Amino acid sequence: MKNPVNLFSSISYSKDLHLENRQKKASIWKALFRLSTLVGVIVLAILILSIVNQAFGLVAFEDINDRNEFISTSIIDVPKTELIQLIENNLNKNRVRTLDTEKPLLDRSKSDLIRIVESEVFKQRIVDSYPLFQSIFTPNEFKSTVAEKYPDAIMEFKSWFTPQFLTESMSKTPELAGVRTALLGSLLLIVITIVVAFPLGVSSAIYLEEYSRQNTWLSRVIQTNIDNLAGVPSIIYGILGLTIFVRAFEPLTSGRFFGYEGANGRTILAAGLTMALLILPILITNAQEAIRAVPNSLRQASYGLGATQWQTIWHHVLPYALPGILTGTILAISRALGETAPLIIVGAATYISKDPSGLFSNFTALPIQIYNWTTRPQQEFRNIAAVAILVLMIMLLSMNAVAILWRNKIQNKR
Amino acid sequence: MTNQTSKQWAIETQDLDIFYGDFRAVKNVTLKIEPKKITSIIGPSGCGKSTVLRSFNRMNDFIPGAHVKGEVLFQGQNIYDPRIDPVQVRQRIGMVFQKPNPFPKSIYENIAWGAKINGYKESLNDLVEECLVKSALWDEVKDQLQKPALSLSGGQQQRLCIARALAVKPEIILMDEPCSALDPIATLKIEDLMRELSNQYTIIIVTHNMQQAGRASDFTAYFTMDTDRAGSMIEYGVTSQVFTNPTNKSTEDYISGRFG
C-alpha cells in the first residue's frame, strides 16, 4: 500500500487520516521483524555449514608400507581369502586374535577387510586434509601442495562421518577414533538424569500448583527461587555436584555401599544426579506453566461428579498438561545433553576406551569428547570433532522427535 | 429439627450468609427447595445467584477465602458440618455448568468415568445407555460412543454433561445458566429434558432468561442486590404467582424488563 487512494467521495472525518504515515510505520516494523528472523536463520545456517565444512573434504593418504610389496593389483580386485591371508600373515598374533573374537574374519564383509588391510597392513595414514568448501571450489590448490610435499600420496574425497565412527571407541589416531564410548556415556547420562529429574520435577510442580496455598510469602519465596535457579550458571551446579554427590555421598555414588569396587565418586551416577539438579528448575517451571494452562472448567467438572482432588489431578489435570510438560522435558533434555562444564568438574574422563558398564563406572560424554578433540593441534582431530558434533545434534534431534511424536499422539486423542 | 410433621425438603437453608474473604456476597437466605420440582433462581447480574447455587454442593470451597455462615441442610444434615466430606456432598448433588465442559475423552468415557470413580459395580454399558437415553442424546450418538466428546455440537455437549451428572446417581442437579451458551433450539431441548428429569430429580437452575424461568420452572426465587452489594432473596414462590402477581415492586420491575 504505497499510495493509498481515497476511493470514497464522501469524507467521514474532518481530520487527515494520516493513512500513508500509519501504513509506513507498520511496514517498517514488519521489515524489522523479518530482519530479526533472517539474522537468526543466517547464524544457524553458518553454524551448520561450518560443522559440515569440517566433516567432509579432500584428504591425502600415504602408505607407510609400500602396498606393491603385498599385492600386485588394485585392492578392490583382491579376493576375500587373499585379504584374510594378508591380515593373518602381517599382523601380530594378538591383534589377529582380537579381530577374530570381535567378529570372525571369515564372516566379515569385503569392505571391512579392505579397511583393516589398508590401515593395519599398509599402515595407510592421512598426511593432509582440506575442508569441504575449499575442496569443492579450489581443489587444485590442494593437489599442488600435496604433490609437492608428499609425492606418493593418493588423494581422495573423504567423509569423516563413517559407520565405524559410531562403533569404534577412542583412539590416539584420529582415523581410527570413534565415539561409541562417549555416545553410550551420553545416553546413559540422559537416562539417569530423566529418571531422577522427571518425577521430582513434575511432582513438585503438581504440589506447587494444585496443593500449596498460593500467595503466601513462603510460596512466593519458593517460586522466585525456582525461577532464579533456572538461570544459575551450570558450572556452579558442577561445583555443587562435586561437593555433594562426588565427595559427601561418595560411598553411595562410588557404589561401595552396594558392594561395588568403586574407586571414587566420579561416576556416571554422580554426573547424572548433578545434571538432574541442573534441569530441575527448568522442568518445574515448565510443568507449572502446563498445569496452570489446564482450564478450570475441567477441574470443576471433575469435582462436580464427586471426584477427590487426587482423582481430578490424575485423570484430568495431568493428561491435559502432559503435552506441555513434555515440551518442557524436551527443552531440559536438550540442555542436559549439551552441558559440558558440570561434567568436567564432576570428573568425566577425557580419555577412556571402556564403555560405561553401569551406574558406578567412569564415563565420558559427547560434549567432553568434542571439547577434548578441538583442543588438539592436528587438523584431523578437528575433522572428527565436527563429526562428533553432528552425532550429538542427530542424537538430540532424534530424542526430541520421539518426544514430539509422543506428544502429538496424546494431543490427537482429544 | 426432626419434626415428624415437617416436610422433607430437598434443600433447606437457614440464615445463609456467604463471604468472599471479608466481603459478604449473599446475606440472610432462608430457602426451602421442593423435591422433584424445578426451582429457578433469577435476578440481576452480581446478585449472588450462582454463589448460592454453588454453595449447595460446596463448589465454593475452591475459591480462596470463600466461607459460609448459617446452614445448608440436605436430608436434614448440614452439609457444612466439619464431619462431612464435600466429595460425598457432590456425589449426591450434581452440577451442570454454564459452558459445556465435557472431558477431552470419548463420549462413553465421559459418562462412565464418574460412575467408575464412585465405585459403580454394575454394567457400565447399561449405565451409559441409560444416562444417554435419559438425557435425550442416545439416538444421536449411539453409533459413535467412542468418538471424542468435543466433536459434538454445543447443545449435544451440554446434554452430555447432564448425562454425565446423571451417571453418578445424584438426587439433586444444580444447573448454572446451562443454556446461556446455546442457541434457541438447543435451549428448548434442554428445557424439555429438564421437565422430563424433574420426575426423578430435584432441579435447581440459575438463569438470566426470564422466559425460561417462566416456562420451565415450578418455583422461582428472585434475588437482588442491596446497597451494601450483598445479594439477598426478595421473593420466593410458585412461578406463576411470582410472574403474574409479584408481591414486591423490585420483582415486578425486573420481571417486566424495566431493569436488569
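Helix axes are lines fitted to C-alpha atoms over the stretch in contact, and the angle between two axes runs from 0 to 180 degrees between N-to-C directions. The model described here is predicted.

In chain B, the axes of helix α3 (residues 107–117) and helix α4 (residues 124–134) lie 9 Å apart and form an angle of about 110 degrees. Because angles of 65 to 115 degrees count as roughly perpendicular, α3(B) is roughly perpendicular to α4(B). The crossing of α3(B) and α4(B) is right-handed. On the α3(B) side, the contact is made by B:Tyr108, B:Ile111, B:Ala112 and B:Ala115; α4(B) contributes B:Leu124, B:Leu127, B:Val128, B:Cys131 and B:Leu132. This contact of α3(B) with α4(B) comprises nine nonpolar residues, with no polar and no charged ones.

The contact between chain B and chain A takes 19 residues from chain B and 15 residues from chain A. On the side of chain B that touches chain A, the elements giving two or more residues are α2 (86–92), β6 (93–96) and α3 of chain B. That side of chain B has 11 nonpolar, five polar and three charged residues.

As to confidence, chain A averages a pLDDT of 87, and 95% of the residues score at least 70. The table gives the elements of chain A with the lowest and highest confidence.

| Element of chain A | Confidence in chain A | Mean pLDDT |
|---|---|---|
| Helix α3 (residues 93–102) | lowest | 81 |
| Helix α12 (residues 268–292) | highest | 95 |

Where pLDDT is low, the predicted coordinates should not be read in detail.

Methods:
Residues numbered from 1 in each chain as written. Chains lettered and ligands numbered in written order. Predicted model: local features only at pLDDT ≥ 70, side-chain atom pairs only at ≥ 80, totals over all residues. Helix = DSSP H or I, 4+ residues; strand = E, 2+ residues; numbered from the N terminus. Parallel < 35°, antiparallel > 145°, perpendicular 65-115°, else oblique. Left-handed = near helix turned anticlockwise from the far one by under 90°. Contact = placed C-beta atoms within 7 Å. Nonpolar A, V, L, I, M, F, W, Y, C, P; charged D, E, K, R; others polar. pLDDT = per-residue confidence, 0-100.
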